[in-house]
Amino acid sequence: MITDCVDGFGRKINYLRVSITDRCNLRCVYCMPEEGVVWLPHDDILRYEEIERIVRVGVGLGIDRVRVTGGEPLVRRGVVEFIGRLAAIQGLQDISLTTNGVNLPEMAGALASAGLRRVNISLDTLQPERFAQVSRVDAHAKVLAGVEAALAAGLHPVKLNVVVLRGFNDDEVADFAALTLTRPVHVRFIELMPLGESGKIEEDRFVASAEIKARLERVRPLLAPPPVPGQGPAEYFQWGEGAVGTVGFISAISEHFCASCNRLRLTADGRLHPCLAMDRTVDIRTALRGGADDREVAGIILEAVGRKPRRHYMSAGLTGAVAEAAAADPAGDVEGDAARGVDSPADDGPADHEEIKRRRMFRIGG
Ligand code: SAM
Ligand code: SF4
């Protein structure tokens with residue numbers, strides 16, 4: 001039986017990513033449809049006190065890092081006070097935030113004062129017109145101001161998340177990397193994952209990290225950098241001698257980092273997700289609202305830890321139930337099976353459209 005946050009594959013789970021809302025003030029093409037999203041009903045969304053309780057109980061089990069995300073976390077009222085309450089939890093060593101940055105110009109100072117240490121800001125392009133295309137909102141200047149506000153507020157490190165899309169922003173990777181020469185920012189290039197709306201984006205938009213590295217290396221060497229706090233799954237480099245920031249690569253598809261996965265996700269409506277790419281979620285809200293004591297809450301967290309799969313199969317285009325079948329295959333060489341034309345438990349075919357639509361990053365928490 002599992003008694004602390006170590007899963008069935010010996011991985012210590014110490015990182016909880018908490019989505020506090022599914023709502024957002026942008027509509028990134030790979031994440032949300034332009035219209036017609038049915039938002040979670042207000043009563044289904046966990047109250048801040050409920051999230052705080054889950055975090056407290058989780059800390060007792062070994063969780064020591066929390067990332068607040070969404071949807072867009074900075075659109076939920078009371079988020080600054082919530083961060084302050086998290087910061088007061090003994091034993092929680094690291095609180096971070098992932099945001100699109102639009103509201104950071106007004107909020108960065110208050111967030112830092114409340115106890116936020118660091119921030120990841122999503123920014124896919126340095127060109128205002130492209131930003132309006134990819135996010136469907138004209139807010140580029142606000143995000144750039146948000147990056148400056150985060151630096152001025154002393155948030156450290158400031159990381160920029162760039163999802164690279166072929167034919168859209170892949171010609172900007174050197175421009176992004178150039179920011180690190182003079183600004184103390186950490187630019188992370190993220191491989192597009194086949195989740196949510198991106199399931200509808202053409203496959204040839206995907207750009208593997210190796211290709212981006214090769215492009216950058218044609219201009220300057222990628223050198224081993226000093227360690228970046230909260231390093232996580234990204235692989236970091238200094239783009240030539242003297243660069244003050246770093247470039248990083250998050251290769252969830254081409255080099256999945258499941259062997260070192262240390263995370264659980266909590267959705268805004270109170271489900272624990274053991275893996276972004278699979279089902280096996282555990283409802284924690286019903287127990288909380290039904291008067292469960294802390295031991296029962298701990299039991300639910302441990303159940304979710306125990307449900308973590310060995311790895312995901314997004315590189316084979318598999319999510320959800322089909323991936324579950326693949327995960328249950330002891331050989332588990334789904335990509336190899338597909339390449340060799342061998343039958344595998346995943347041969348029901350790739351995830352269907354409904355399945356992909358259901359698995360939305362803004363719902364699960366990115
Ligand atoms: N709204 C906030 C933001 O954009 O930073 C937080 C939530 S968002 C879902 C978290 C991160 O997930 C963002 O950096 C976004 O670019 C990334 N993301 C969303 N859909 C993705 C996909 N299909 N593949 C890779 N990254 C994705
Ligand atoms: Fe909103 Fe973030 Fe999704 Fe973009 S990636 S639509 S900012 S939740």
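**Helix packing, sheet and ligand shell**

Helix α1 passes helix α2 in a right-handed crossing. The contact between them is made by Tyr48, Glu52 and Val55 on the α1 side and by Phe82, Arg85 and Leu86 on the α2 side. Four of these contact residues are nonpolar, two are charged and none is polar. The structure is a predicted model.

Two packed helices are described by the angle between their axes and the distance between the axes. For α1 (residues 48–61) and α2 (residues 79–87), the angle is about 25° and the axes lie 10 Å apart. Angles under 35 degrees count as roughly parallel, and α1 and α2 are therefore roughly parallel to each other.

The strands come next. Twelve of them form an open sheet with mixed pairing, in the order β7-β8-β9-β6-β5-β4-β3-β2-β1-β10-β11-β12. At its edges are β7 (222–223) and β12 (282–283), each of which pairs on one side only. Helix α7 (residues 209–217) packs on this sheet, where α7 touches β6 (185–190), β7, β8 (235–239) and β9 (246–250). The direction of α7 makes about 155° with that of β9.

Elsewhere in the sheet, β2 (residues 65–69) pairs with β3 in the parallel sense over four bridges. Val66 stands opposite Ile95 of β3.

Ligand 1 is surrounded by 21 residues, of which Ser122, Asn161, Met193, Ser198 and Gly366 are the closest. Two or more residues of this shell come from each of β3 (94–99), β5 (158–163) and α13 (361–364). By residue class, the shell around ligand 1 holds ten nonpolar residues, ten polar residues and one charged residue.

Key: Residues are numbered from 1 along each chain as its sequence is written. Chains are lettered from A and ligands numbered from 1 in the order in which they are written. This is a predicted model: local features need pLDDT of at least 70, side-chain atom pairs count only at pLDDT 80 or more; totals for chains, interfaces and linings use all residues. A residue is near a molecule or strand if its C-beta atom, placed from the backbone, lies within 6 Å of it. Ala, Val, Leu, Ile, Met, Phe, Trp, Tyr, Cys and Pro count as nonpolar, Asp, Glu, Lys and Arg as charged, and the others, Gly among them, as polar. Two strands pair if DSSP finds at least two bridges between them. Two residues are in contact if their C-beta atoms, placed from the backbone, lie within 7 Å. Axes are lines fitted to C-alpha atoms, for helices over the stretch in contact, and angles run from 0 to 180 degrees between N-to-C directions. Angles under 35 degrees count as roughly parallel, over 145 as roughly antiparallel, 65 to 115 as roughly perpendicular and the rest as oblique. A crossing is left-handed if the near helix is turned anticlockwise from the far one by less than a right angle, and right-handed if clockwise.
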